[in-house]
Amino acid sequence: MADFALLKAEQQLLAAQVVREGLSPDFVPRFIAGGDTGFEENGTVARAAIVILHWPSLEMAEHRVARVPVTLPYVPGYLSFRECPALLAAWQQLTYRPDLMFIDGHGVAHPRGLGIASHFGVTVDIPVIGVAKRRLCGDYQVPSATPGDCQPLIYQQQQTGWVLRSKARCNPLFISAGHRVSDDMALYWTRQCLRGYRLPEPTRLADAVASQRKGFRRYLNRQ
DNA sequence: GCGACAG
DNA sequence: ATCTTGTCGC
């Protein structure tokens, strides 16, 4: 059984290292990455996927998958300790160095300001944006049905991110800064990476690779 | 004590 | 996260 009090203390140390600014208006990335984690073997093995996309085409340049034994159970608020090891294993396999990365999960929109996007971001020290499908903490007004509309996510009187209606008739996304990105740039770049689907391309493709969905393996193995 | 609770 | 086909609605 894990000592969550110790993990909590570690989160507070790492949270102090998170940089909530970065990506100037003239920033132009060469490569944008997407990361996501899935599980197999009855949840005993984490399967992390990282994809590298060209900007601005957003076409895949590289994709890597790493499988690592799971060491912790899923506990809300401690997700990063469970998924970071696999994500780091996939990270070390990359040949490209992304200028910006999107990770499935929250960034600073976390009780202690250290969701997986921030934890991973501080660890590898690159700009990271968190894209979650559900709220962990905070309050917000539901954005209108109009695609592109958004509302601020507020936690303890402070903005921690945005709730974005990325696509019509779909539940909104929870966008937050992970590391070396401001709230506004996190929202801006998420919108820049949308291509008609609920999820921005980096996360959408990483999810497809990580969850070995039937039909997508064919897509990757073709040519 | 009760409800909430990323993936 | 994962187990899983078709189906209702826009």
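This is a predicted model: local features need pLDDT of at least 70, side-chain atom pairs count only at pLDDT 80 or more; totals for chains, interfaces and linings use all residues.
**Stop 1: strand S5**

Select residues 128-132, which form strand S5.

Val 128, Gly 130 and Ala 132 point one way. Ile 129 and Val 131 point the other way. Are these residues buried or exposed? Residues on both sides are buried. S5 is mostly covered, with five of its five residues buried.

**Stop 2: the neighbours of S5**

Select residues 100-104 to show strand S4. Four bridges join S4 to S5, and the two strands run parallel. Now follow the chain between them. From S4 it passes through helix H3, residues 116-124, and then reaches S5. This β-α-β crossover is right-handed.

Next, select residues 173-179, which make up strand S8. How many bridges join S5 to S8? There are five, and this pair runs antiparallel.

**Stop 3: DNA strand B**

Turn to DNA strand B. It is surrounded by 19 residues. The closest are Tyr 74, Gly 77, Leu 79, Lys 133 and Arg 135. Colour the atoms of the DNA strand that come within 4 Å of the protein. Sugar and phosphate make up 49% of them.

Which helix gives the most residues to the surface near DNA strand B? Select H2, residues 79-91. H2 gives the most, with three residues. Strand S1, residues 31-40, also supplies at least two. Colour this surface by residue class. You will find seven nonpolar, five polar and seven charged residues.

- Pick Leu 79. One of its backbone N or O atoms lies 3.2 Å from a base nitrogen.
- Pick Lys 133. A polar backbone atom here is 2.8 Å from a phosphate oxygen.
- Pick Arg 134. This time a polar side-chain atom lies 3.2 Å from a phosphate oxygen.

**Stop 4: DNA strand C**

Move to DNA strand C. Which residues are around it? Select Gly 38, Phe 39, Arg 47, Lys 133 and Arg 169. Look at which DNA atoms come within 4 Å of the protein: sugar and phosphate account for 100% of them.

By class, this surface has one nonpolar, one polar and three charged residues. Two of the residues are worth a close look. In Phe 39, a polar backbone atom is 3.3 Å from a phosphate oxygen of DNA strand C. In Arg 47, an N or O atom of the side chain is 3.4 Å from a phosphate oxygen of DNA strand C.

**Stop 5: Asp 26**

Finish at Asp 26. Find it in the loop between helix H1, residues 4-15, and strand S1. Why does Asp 26 count as exposed? Its relative accessibility is 59%, and the cut-off for exposed is over 50%.

Show its side chain together with that of Ser 24. The two side chains make a polar contact at 2.6 Å. Asp 26 and Gln 212 are 186 residues apart in sequence. In space, they are 36 Å apart from C-alpha to C-alpha.

Terms used
Residues are numbered from 1 along each chain as its sequence is written. Chains are lettered from A and ligands numbered from 1 in the order in which they are written. Side-chain values use heavy atoms; hydrogens and water are left out. Buried means under 20% relative accessible area, exposed over 50%, partly exposed in between (1.4 Å probe, protein chains only). Two strands pair if DSSP finds at least two bridges between them. A crossover is right-handed if, with the strands pointing away from the viewer, the path from the first strand over the helix to the second runs clockwise. A residue is near a molecule or strand if one of its heavy atoms lies within 4 Å of it. A polar contact is a pair of N or O atoms within 3.5 Å; within protein, one must be able to donate a hydrogen and the other to accept it, and residues adjacent in sequence count only if both atoms are side-chain atoms. Ala, Val, Leu, Ile, Met, Phe, Trp, Tyr, Cys and Pro count as nonpolar, Asp, Glu, Lys and Arg as charged, and the others, Gly among them, as polar.
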